[in-house]
Amino acid sequence: MKHKAISLLLLCLLLVAVFDPSDKIAHMKVPLFAAVWALTAMNYCLRRCISTVPLSLLMYVIGFTFLIPLWSICWYFSQNGALDGYDGFNYLKGYLFLTLCIPLALEKIDLVPMLSYVLTIQAALASFVYVITSNNPIALAFVYGFGSEYGVFSMSDRTYGETHISQPYFVTSPLMVIPISYFTFKCFVSKGRKRILYLLLLILNVMGMFRSGTRNNMIASVVTLLLVWLWYSRRRVLLACSIVMLVAAVAFIQRSTIQAMMSPDDVSNTVKIHFIRDYILLLSEPKTFLLGQGLGAAFNSTERGYVTISEITYMDLLRSYGVLFGVPMLLGLLYPLRRLANHRWKSVHFLYLGYAVYLYLCTANPLLVSSSGMLVFSIVLAQTFSVSQVPKVATKLAEA
């Protein structure tokens, strides 16, 4: 009964993380987080410690969530850092959500299907918002105001060459790589009506992510599908050749659009280029290069003035933690991908492929270090450090 209650709380937390990432609507992220932990602790005590958490997972969480971030905050204040306007404690709250991998491991809960269906709702909403706002200024103004006020999504138009894109961009849309990888896999292992259902859900998620209009999202939506398909295909060489030919044909047909997307004159590209130059300049100072400026430290950027974080996530990690602690943090993010080398876990490789694409998306998106991004990371970690037997889903694939 308590297991079901924890699952229900986690479902509510996923809904809030996806549809209220800034926690401005319901203000329920922290209460739900605390409730999950409280019920897990109660359940753990009542079972008299029958279930245990892998020591390696505990060490990972302690280092990644507490030791390094807290040391970085102390380092910031030791350098006469000001408390006024300091955001380090807000970022630390995001890291704390990574600890949810412990309740997931203790209760042996797989949140991937639940997360996939929650994000499918977002994908449907993205298409719905696009339809109701097309050629409807009143609806567009209302939706734009709501999205801006609560930090759920934004409405903007982008033009690449001769291609015009009107985008309802949900803040958590990069997470849709997980349902795309999940439903692609389910299409492989299902038959009959179930396969048709999963195919429809897959198409809905690809369309929803593509509809967001950002270059990385559009690329990732297609790449995730093709990557999982290729990974599980028995005719990889033929499929790979077909994919290369298809990509080449699309690139040739849309060459003007692609050139416009990659142009340094593009507003978004210009901002990113200036941020990279700012980071290179900051990291050229030996002390910052070695130990960083501290988690939540502000710096004077060329494009946006004083900021504490930017879209260039991994360089921002190096700025905050320095090479001494930033590199271990980056390696920690990559650690779950080692599962891809283990053939026994082939039946859940789709999750790590989706996670790999998610890490790619986070090269230009700060979602990773938010509470919503860390919640997804916790799902991946719980699976990575699982001591249970290899999942029985798609046994044929696992043994192939």
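Student: Which residues form one aromatic cluster?

Tutor: In this predicted model, the aromatic cluster is formed by Tyr 60, Phe 64, Tyr 95, Tyr 335, Tyr 355, Tyr 358, Phe 377 and Phe 385.

Student: How many aromatic pairs does the count give?

Tutor: The count comes to 28 aromatic pairs.

Student: Why is the pair of Trp 71 and Trp 75 called stacked?

Tutor: Two values decide the matter. The ring centres of Trp 71 and Trp 75 lie 5.7 Å apart, and a pair requires centres within 6.5 Å. Their planes stand at 5°, and stacked applies to planes under 30 degrees apart. The pair is therefore stacked.

Student: Where do Trp 71 and Trp 75 lie?

Tutor: Both belong to helix α3 (residues 55-78), where they are 4 residues apart, about one turn of the helix.

Student: Why is the pair of Tyr 182 and Phe 350 called tilted?

Tutor: The ring centres of Tyr 182 and Phe 350 are 5.8 Å apart, with the planes at 55°.

Student: What parts of the chain does the pair link?

Tutor: The pair links distant parts of the chain, 168 residues apart: Tyr 182 is in helix α8 (residues 177-189) and Phe 350 in helix α16 (residues 349-361). Tyr 182 and Phe 350 are both buried.

Student: How do you know that Asn 205 counts as buried?

Tutor: The relative accessibility of Asn 205 is 0%. The limit for buried is under 20%, so Asn 205 counts as buried. Asn 205 lies in helix α9 (residues 192-211). Beyond its neighbours within four places in sequence, its contacts are Leu 119, Thr 120, Ala 123, Met 176, Pro 179, Ile 180 and Phe 183.

Student: What volume does the largest cavity have, and which residues are closest to its centre?

Tutor: The volume of the largest cavity is about 110 Å³. Of the 14 lining residues, Leu 295, Ile 309, Asp 316, Leu 317 and Val 369 are the closest to the centre. The lining comprises 8 nonpolar, 5 polar and 1 charged residues, and α15 gives the most to it, with 5 residues.

Technical notes. Residues are numbered from 1 along each chain as its sequence is written. This is a predicted model: local features need pLDDT of at least 70, side-chain atom pairs count only at pLDDT 80 or more; totals for chains, interfaces and linings use all residues. Side-chain values use heavy atoms; hydrogens and water are left out. On a 1 Å grid over the protein atoms alone, a cavity is a set of points where a 1.4 Å probe fits but cannot get out, and a pocket is an open set with protein on both sides within 12 Å along at least five of seven lines; lining residues have an atom within 4 Å of a point. Grid points are joined across faces, edges and corners, and a volume is the space filled by probe spheres set on the points. Helices (H or I, at least four residues) and strands (E, at least two) are DSSP runs, numbered from the N terminus. Ala, Val, Leu, Ile, Met, Phe, Trp, Tyr, Cys and Pro count as nonpolar, Asp, Glu, Lys and Arg as charged, and the others, Gly among them, as polar. Buried means under 20% relative accessible area, exposed over 50%, partly exposed in between (1.4 Å probe, protein chains only). Contact means heavy atoms within 4.5 Å. Rings of Phe, Tyr and Trp (its six-membered ring) pair if their centres lie within 6.5 Å; planes under 30 degrees apart count as stacked, over 60 as edge-to-face and the rest as tilted.
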